[in-house]
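Here are some notes for a colleague who is looking at this entry for the first time.

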Amino acid sequence: MSEKIVLLTTLPDLFEADLLRGKLKSEGIECFIPDEHAISTNPLYTTALGNIRVEVKENDLNKA
């Protein structure tokens with residue numbers, strides 16, 4: 001059975017999302033930035049997509 005992926009936070013730019021992903025990864029928490037490729041192609045998509053979503057597995061939400 002697959003684990004549910006939930007929203008941890010939204011951030012205004014990809015740089016901050018990458019910093020958070022690095023911190024989470026160093027703590028052993030798998031992190032997902034679902035719109036990363038669209039935003040890296042065109043940063044103006046950030047506003048259209050409602051900022052950058054950072055997601056984690058539901059079991060890791062409290063730890064994150």
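Is Lys23 buried, partly exposed or exposed?

1. Lys23 is partly exposed, because its relative accessibility is 49% and that class lies between the 20% and 50% cut-offs. The model is a predicted one. The side chain of Lys23 meets that of Glu27 in a salt bridge, with 3.2 Å from N to O. Glu27 is also partly exposed, at 42% relative accessibility.

2. In total, the structure holds 7 salt bridges. Another of them joins Lys57 and Glu30, whose closest N and O atoms are 3.0 Å apart. This pair links distant parts of the chain: Lys57 belongs to strand 3, while Glu30 sits in the loop between helix 1 (14-26) and strand 2, and the two are 27 residues apart. Glu30 has a relative accessible area of 40% and is partly exposed.

3. Asp35 and Arg53 form a salt bridge as well, the closest N and O atoms being 3.1 Å apart. Asp35 is buried, at 13% relative accessible area, whereas Arg53 is partly exposed at 29%. Elsewhere, salt bridges with shared partners join Glu3, Glu30 and Lys57 into one network.

4. Strand 3 (residues 52-57) pairs with strand 1 (residues 5-11) in the antiparallel sense, over 6 bridges. Strand 2 (residues 31-32) also runs antiparallel to strand 3, and 2 bridges join them. Val56 in strand 3 stands opposite Val6 and also opposite Cys31.

Conventions. Residues are numbered from 1 along each chain as its sequence is written. This is a predicted model: local features need pLDDT of at least 70, side-chain atom pairs count only at pLDDT 80 or more; totals for chains, interfaces and linings use all residues. Side-chain values use heavy atoms; hydrogens and water are left out. Two strands pair if DSSP finds at least two bridges between them. Helices (H or I, at least four residues) and strands (E, at least two) are DSSP runs, numbered from the N terminus. A salt bridge is a side-chain nitrogen of Lys or Arg within 4 Å of a carboxyl oxygen of Asp or Glu. Buried means under 20% relative accessible area, exposed over 50%, partly exposed in between (1.4 Å probe, protein chains only).
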